[in-house]
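These are my notes from going through a structure that was new to me. I wrote down each thing as I looked it up.

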Amino acid sequence: MSKYTGVQKEETLKGLVHDDYFSNFGYEPNIDNIDFVVTDAKTRGDLFATEGAGASIHYLWAEAKKGVQDVQSMFAQLILTCKKTYDKAEYSAPPFLACFDTEKIAFAPFYDILPIFKENDINWNCTPSNHESGDFIKVRNKVTKLLLSHLVVFQFDIDEKEIKSFIKTNFTKNTNAGTSVKSPITKDNFVQVFIKWVKEVKSSINISKNEWQEFKENGILDGDFFRADMMSSGGNTITEKLKIILANDNYKLREKINGRLFLSDIGFTDEGAAYKRFWNKYERPPAEIFQKYIIDRRDLLVPVNIREVKGTFFTPRIWADKSKEYIAKVFGTNWQDKYYVWDCAAGTGNLLAGLTNEYNVWASDIDQGNIETIQSLIDIDDNLNLLPSHVFQFDFLNDYIEKPYDEKNWIDKLPPELRRIIDDPQERKKLIIYINPPYAEASTVTEATGTGHGKIGVASSHKTRDKYQPLIGAATNELFAQFMARIYHEIPACKMALFSKLKFATGLNFVKFRTFFKADFKAGFIVHADTFDNVRGKFPIGFTVWDLDAKRFPQSIRLDIPEKGGKKTFWSFSGKSINQWVKQFNNNVVNGIGYMANSGPDFQHINQPYITTTKGNRHFHYYVFNSNNIFYGCVYFAVRLCIEQTWLNDRDIFLYPNDGWKTDAEFQNNCLVFTLFHGQNRISAIDGGVVCANHWIPFTEKQVAAKDKFESNFMSSFLKDKALSIEAQSVYNAGLALWKYYHKVTKDNRTVSVNASFYDIRAFFQGNGENGKMNNKSADETYTRILGALREALKMLTQKIQPKVFEYGFLKE
């Protein structure tokens with residue numbers, strides 16, 4: 001039996017709990033109807049000050065109940081009560097929430113309930129104490145799901161010591177809490193700090209109204225400027241992961257806006273007065289333990305005003321408008337009257353902005369909050385023409401499109417007119433599925449939906465992945481491919497216009513997908529992935545238009561490049577790759593003179609082909625060089641590395657070549673010399689501290705004036721009598737100058753190896769950093785000049801090799 005059993009009044013219970021467990025802290029019984037607030041006001045002064053020197057820190061908001069009640073219901077009532085307090089941002093959110101009755105007390109981290117505050121299907125004005133209302137039940141269900149694994153529950157009768165220990169450990173003040181006038185920013189209160197920042201700082205930033213609008217249309221929000229401020233120290237941003245950075249207390253953009261950079265710093269209209277006043281109240285940056293969470297939760301800083309939500313996520317307006325131009329090219333200028341449109345991953349609807357025939361357009365999304373946002377926008381945004389009855393919640397990767405065999409308990413979530421179109425084979429041919437689906441892979445923990453918000457588990461916890469994996473194989477690891485597969489199979493013969501990665505057209509993991517997805521390509525364009533919000537990397541995003549009533553997938557698709565002009569062809573890989581070609585020359589090779597790591601045969605893995613003295617232990621195929629197969633390995637090495645990776649060729653695959661290379665001795669010799677003097681050739685005379693034979697010295701002892709005999713003359717002998725092109729000879733001569741200089745400098749140094757490789761020579765002059773990696777520069781000016789000449793010669797040789805890569809079919813143009 002608890003010591004509080006028999007207490008009849010909540011106020012009495014609250015006083016007893018405070019005296020028994022929180023006597024070292026300030027206490028307020030009813031702030032904004034929150035039953036029990038624990039503060040540090042005993043040591044800091046004014047309990048009711050909300051910021052600055054007199055502000056108290058809130059450690060706990062709690063719900064109290066006489067008698068005995070279930071924890072989930074008490075937490076649900078507390079959350080409904082404190083939501084208004086949180087939104088007003090007058091008090092900093094505490095690190096913990098709690099509830100207690102006469103039997104027990106339970107604690108939960110405040111940040112664990114933040115996702116509930118973002119829910120749009122709850123009437124936050126409902127009466128918190130009405131445990132029978134639908135909104136209360138919704139909150140209670142969400143609390144149960146979110147907090148089940150995070151609750152700490154103590155019984156007053158048996159956990160006396162544990163309760164006091166928990167409070168002592170977790171309710172601590174900073175060591176300088178008594179003197180600091182600044183409040184800490186945590187994962188619990190950073191949203192509230194942002195709300196205050198918008199009110200107090202934003203208007204003083206020297207950005208015009210039109211520029212703010214331009215930023216928003218390109219996915220840069222108020223929160224990006226706030227994050228630059230918050231994640232800074234000494235007036236400079238401390239992380240590279242932001243769109244906007246702070247430099248000397250001025251803002252800088254890290255990316256282009258509509259193809260241009262804001263070259264000058266962005267300052268303040270009041271010389272930073274409001275900015276300084278605001279940040280005099282808060283410690284920044286946040287503590288290191290909070291930084292990753294705060295950076296990752298950019299979605300929580302999306303403007304609450306629904307007018308500002310439109311268009312800020314994922315599809316930049318410039319590409320949304322461009323996509324409609326391409327749809328018109330394919331289906332005619334009056335396509336909106338002849339065809340139906342369904343965006344089944346609509347987010348907040350900006351892909352549909354600008355469409356004019358609201359009677360032929362439908363929008364759906366997995367997130368009910370997004371649906372409510374679109375519904376609100378319909379009334380205030382003349383550019384978003386939709387009928388409210390055509391906007392609906394639909395989980396495209398889970399909900400039924402085809403009618404189930406057992407219709408007994410089935411509720412059709414599709415609007416009647418859209419259902420009629422999908423069920424009618426002739427009408428279905430006039431349906432365009434117009435989408436920008438998620439790009440995330442199934443292996444990640446949180447996936448970006450069409451709104452840019454992180455969604456836990458959307459990649460793998462649905463029916464579509466399981467249903468289509470036997471049909472499209474590894475392609476199910478990509479969410480956009482799952483959308484494509486379901487559209488193709490369950491809405492047959494419709495039209496599709498989508499933004500996506502181009503993996504489906506070229507990727508090795510999509511061979512089975514291309515056999516399944518028989519569609520006719522109509523038109524499209526590609527843009528740099530970095531122009532999309534929340535997408536990072538040097539790869540293309542394509543917009544492609546398809547007729548899904550076809551007999552085979554095309555051999556290639558040719559896309560326009562609006563950003564730079566011209567076109568780019570993406571070839572469908574269905575045969576053998578360069579890796580399969582080179583493996584045939586590596587059978588039963590023993591006594592190797594070097595090992596080459598061969599990773600995936602595309603530009604994404606361009607930095608992974610390298611040559612070492614001994615075989616590595618990575619999960620690669622290792623090509624073993626010997627005197628009989630050296631040319632084949634060098635051709636592979638040069639072909640893989642002679643062309644620079646760009647965002648346009650990122651998805652291109654190196655192929656099994658034609659036979660033209662076999663009779664081109666100059667090409668083979670060019671590849672050999674390229675390999676000898678390329679930075680990815682990491683052959684060394686010392687491997688792991690062990691002296692090894694170096695068979696890759698391209699010169700004789702006499703040529704370089706070596707002080708001793710080399711252990712191996714294999715490479716110089718192999719090169720003897722080879723007819724080199726002008727470009728290859730220039731590289732050879734520049735390399736000879738480097739070897740001569742090394743042996744001159746080390747002539748009297750008995751501790752360095754006479755058998756030094758190209759890698760060893762660079763390491764000697766450049767040295768290694770604390771991390772063990774070779775430094776980028778050397779203090780030796782003569783060495784730097786000689787190495788520079790070698791690199792310039794290698795560039796000319798690279799240009800000589802490049803056209804042969806396409807001529808012999810290693811790559812397709």
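I began with the second largest cavity, which has a volume of about 50 Å³. This is a predicted model, and I read every value below as computed from that model. I listed the residues around the second largest cavity: Leu-676, Asn-681, Ile-683, Trp-696, Trp-739, Ser-757, Phe-758 and Tyr-759 line it. How many cavities of 30 Å³ or more does a search of the whole structure find? I noted five. The idea behind such a search is plain: rolling a probe the size of a water molecule over the atoms shows where empty space is left.

**The whole protein.** I then turned to the totals. The protein has 813 residues, and 56% of them are buried. I counted its secondary structure as 29 helices and 26 strands. For the accessible surface I wrote down about 36000 Å², with 48% of that belonging to carbon and sulfur atoms. I also looked up contacts between residues at least 6 apart in sequence; 67% of these join residues at least 24 apart.

**A three-stranded sheet.** Next I looked at an open sheet of three strands, in the order E23-E22-E24, with antiparallel pairing. Which strands stand at the edges? They are E23 (610–612) and E24 (621–625); each has a single partner strand, so one side of each is left without a neighbour in the sheet. From one strand to the next, the twist averages 30°. I checked the pairing of E22 (residues 594–598) with E23 and found three bridges in the antiparallel sense. In that pairing, Tyr-595 of E22 stands opposite Thr-612 in E23. I also noted what packs on this sheet: helix H23 (residues 630–641) touches E22, E23 and E24. The direction of H23 makes about 135° with that of E24.

**Strand E18.** I moved on to strand E18, residues 520–528. Is E18 mostly covered or mostly open? I found it mostly covered, as seven of its nine residues are buried. Its pairing with strand E19 (residues 540–547) is antiparallel and runs over eight bridges. I picked out one of the bridge pairs: Asp-520 has Asp-547 in E19 as its partner. As a reminder to myself, in a regular strand the side chains alternate between the two faces of the sheet.

Last, I went through the backbone angles. Most residues other than glycine have a negative phi, and most peptide bonds are trans.

- Asp-32 is not a glycine, yet has a positive phi of about 50°. I located Asp-32 in the loop between strand E1 (26–28) and strand E2 (36–39). Its relative accessibility is 29%, so I put Asp-32 down as partly exposed.
- Ala-705 is not a glycine either, and has a positive phi of about 60°. I found Ala-705 in the loop between helix H25 (701–704) and helix H26 (714–719). Is Ala-705 buried or exposed? Ala-705 counts as exposed because its relative accessibility is 56%, and the cut-off for exposed is over 50%.
- Arg-284 and Pro-285 are joined by a cis peptide bond, with omega about 0°. Pro-285 belongs to the loop between helix H10 (273–279) and helix H11 (288–296).

Note on methods
Residues numbered from 1 in each chain as written. Predicted model: local features only at pLDDT ≥ 70, side-chain atom pairs only at ≥ 80, totals over all residues. Heavy atoms only, no water. Helix = DSSP H or I, 4+ residues; strand = E, 2+ residues; numbered from the N terminus. Buried < 20%, exposed > 50% of the residue type's maximum accessible area, 1.4 Å probe, protein only. Contact = heavy atoms within 4.5 Å. Areas by Shrake-Rupley, 256 points an atom, 1.4 Å probe, with all protein chains shown as cover. Pairing = 2+ DSSP bridges. Axes fitted to C-alpha atoms, helices over the stretch in contact; angles between N-to-C directions. 1 Å grid on protein atoms, 1.4 Å probe; cavity = no way out; pocket = protein on both sides within 12 Å on 5 of 7 lines; lining within 4 Å. Points joined across faces, edges and corners; volume = space filled by probe spheres on them.
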